[in-house]
Amino acid sequence: MTAIITTALGGLLALCTFVVLHRVYLSPLRHVPGPGFAAVTRFWYVWRLLKGKINLDIMAAHDRYGHFVRIAPNEVSVGHPDGPKKILLATLHKAEWYKIATFPDGRFFNTFAEADPKRKMELTRHISPGYTMSNLLQGEQAIDNNIALFLDWLDRFAENGDSIKLGDYLRFATNDIVGDVLFSRPFGFLKKGADIADSLANAEVQIAYVSVMGFFRWVHVLLLANPVVTWLNIVPWGHTLNIAKQALEDRQKNPDGRYDVSTHWFRMLAENPGRMERHEIDSAAFNAIGAATDTVAATIQAFVYYLMRHPDVYQRVRSEIAAAGLEDRVISYADAQGLRFLQACIKESLRLFGPVTMGFPRIAPKGGITIGDQTFPEGTTLSVHPWVIHTSKEIWGEDAREFKPDRWFGDDVTQLEKHFIPFSLGYGSCPGQNLGRIELSKICATLIRSYEFRQVEPEQQMQYEAYFGLTAHMPACYVTKRGKDHE
């Protein structure tokens with residue numbers, strides 16, 4: 001028995017040695033620079049994900065190694081200026097990592113999880129039209145109603161003089177807006193002024209889980225995402241998903257309610273028998289909720305945070321809003337779009353504090369792909385990290401990591417726009433980005449016009465966790481309500 005065990009261990013050691021030597025010395029990526037450990041195993045990247053600062057680690061790697069960094073045995077992070085165009089605007093297959101987002105189990109694909117461009121675009125034809133700007137703006141009054149509830153809380157804190165964790169209430173607001181826009185049923189966070197059943201706190205754990213387990217999907221399928229678990233219904237849904245599930249069931253029974261995104265989805269289901277399945281609606285809704293948990297709220301926190309640290313910018317935004325004479329309690333999307341400097345500040349916040357902190361991985365096609373002076377063979381995973389592209393001095397100048405909204409008024413703004421990828425690009429771009437733009441414009445404009453914010457501890461910096469998406473924790477603030485003249 002001892003001899004058998006010894007032989008087995010020796011064989012395993014020999015196999016591991018061969019794999020390591022092959023990845024280091026024989027791989028077609030052996031000439032791509034990067035951390036030595038990353039060339040051997042995916043765990044270099046996974047460990048940095050678990051630390052919750054993957055954005056900073058990848059930026060530091062590019063600062064050290066240049067345009068191309070080998071971050072796993074078969075994955076290269078691309079920081080070359082041609083990366084977004086060559087990788088994201090091409091119809092390349094997405095990496096296997098995306099399949100972690102199948103819901104409720106591995107049989108049910110959606111626009112995010114589908115890796116094949118053709119099948120993904122077929123799903124998109126059914127789901128994405130619900131997110132057109134014109135469709136979403138039919139529900140602007142519902143969005144206003146939720147923002148008004150959020151403002152009620154700000155008024156209360158202003159009156160009492162207590163400090164507020166602004167990020168918490170922004171998360172309540174943006175999540176309730178998503179519920180109302182999707183299926184005319186907010187989740188109730190603003191009404192209660194609290195995280196119901198810790199659903200938002202649990203979402204932070206879930207995004208970390210998804211970020212890591214996407215690389216070990218077989219474990220996820222074995223434990224959770226399989227037909228047996230779905231049939232037994234033993235995985236807890238959580239408050240938001242329970243509300244969504246019931247709302248979708250009610251909407252299917254009553255398709256003549258207020259127009260919302262699910263109205264469009266059920267209409268598409270009825271008009272495409274045999275081509276669209278009911279589970280596509282469930283999966284689209286649940287993924288929209290997951291995507292919306294922190295993205296918009298994090299960017300609004302960054303917007304307020306940056307303006308507090310740049311008083312001159314703060315005053316310019318206020319002056320622009322005052323000159324426009326906007327008196328509605330909640331500023332309309334159309335009016336906010338006309339505030340050019342405000343929009344520049346929002347874009348600069350998205351650039352420096354974007355909601356996606358991992359890369360957008362794609363697979364090199366047959367025949368390989370050339371980017372700059374490097375050619376990558378078929379099957380190589382190539383990732384474009386938004387934070388790397390957005391802070392590239394080669395693209396944005398020596399002040400690339402500084403908050404400077406005026407850069408969006410320069411002569412080179414057309415070129416800069418081509419490298420602005422907070423919602424990705426091409427067929428893989430975020431289907432809900434229009435809703436995000438509506439929320440950002442309306443809430444940011446209304447906050448700066450109507451309130452004054454100052455940190456309780458002026459030197460305290462923004463805290464956050466960065467996995468696939470970013471969860472922000474803005475320092476506690478005092479809020480003061482400004483007079484009707486908004487001077």
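**Helix pairs and cavities**

Start with helix α14 (residues 239–253) and helix α15 (residues 261–271), whose axes come within 10 Å and cross at roughly 55°. Helices here are DSSP runs of H or I of at least four residues, numbered from the N terminus. Axes are lines fitted to C-alpha atoms, over the stretch in contact, and angles run from 0 to 180 degrees between N-to-C directions. Angles under 35 degrees count as roughly parallel, over 145 as roughly antiparallel, 65 to 115 as roughly perpendicular, and the rest as oblique. The crossing of α14 past α15 is right-handed, meaning that the near helix is turned clockwise from the far one by less than a right angle.

This is a predicted model: local features need pLDDT of at least 70, side-chain atom pairs count only at pLDDT 80 or more, and totals for chains, interfaces and linings use all residues. Residues are numbered from 1 along each chain as its sequence is written, and side-chain values use heavy atoms, with hydrogens and water left out.

Next comes helix α8 (residues 140–160) with helix α9 (residues 166–183). Their axes come within 9 Å and cross at roughly 160°. That makes α8 roughly antiparallel to α9. Here too, α8 passes α9 in a right-handed crossing. Contact means heavy atoms within 4.5 Å. From α8, the contact takes in Ala142, Ile143, Asn146, Ile147, Phe150, Trp153, Leu154 and Phe157. From α9, Leu166, Tyr169, Leu170, Ala173, Asp176, Ile177, Asp180 and Val181 meet them. By class, this contact has 13 nonpolar, 1 polar and 2 charged residues. Ala, Val, Leu, Ile, Met, Phe, Trp, Tyr, Cys and Pro count as nonpolar; Asp, Glu, Lys and Arg as charged; the others, Gly among them, as polar.

Trp44, Tyr45, Arg48, Leu49 and Lys51 of α3 make the contact with Ile54, Asp57 and Ile58 of α4. These residues divide into 5 nonpolar, no polar and 3 charged.

A search of the whole structure finds 2 cavities of 30 Å³ or more. On a 1 Å grid over the protein atoms alone, a cavity is a set of points where a 1.4 Å probe fits but cannot get out; lining residues have an atom within 4 Å of a point. Grid points are joined across faces, edges and corners, and a volume is the space filled by probe spheres set on the points.

The largest cavity has a volume of about 60 Å³. Gly130, Asn135, Leu136, Gly139, Val181, Arg258, Tyr259, Asp260 and Val261 line it. This lining has 4 nonpolar, 3 polar and 2 charged residues.

The second largest cavity has a volume of about 40 Å³. Its lining is Phe109, Asn110, Thr111, Leu123, Ile127, Glu280 and Ala284. Two or more of these residues come from each of α6 (117–127) and α16 (278–292). By class, the lining has 4 nonpolar, 2 polar and 1 charged residues.

Key: On a 1 Å grid over the protein atoms alone, a cavity is a set of points where a 1.4 Å probe fits but cannot get out, and a pocket is an open set with protein on both sides within 12 Å along at least five of seven lines; lining residues have an atom within 4 Å of a point.
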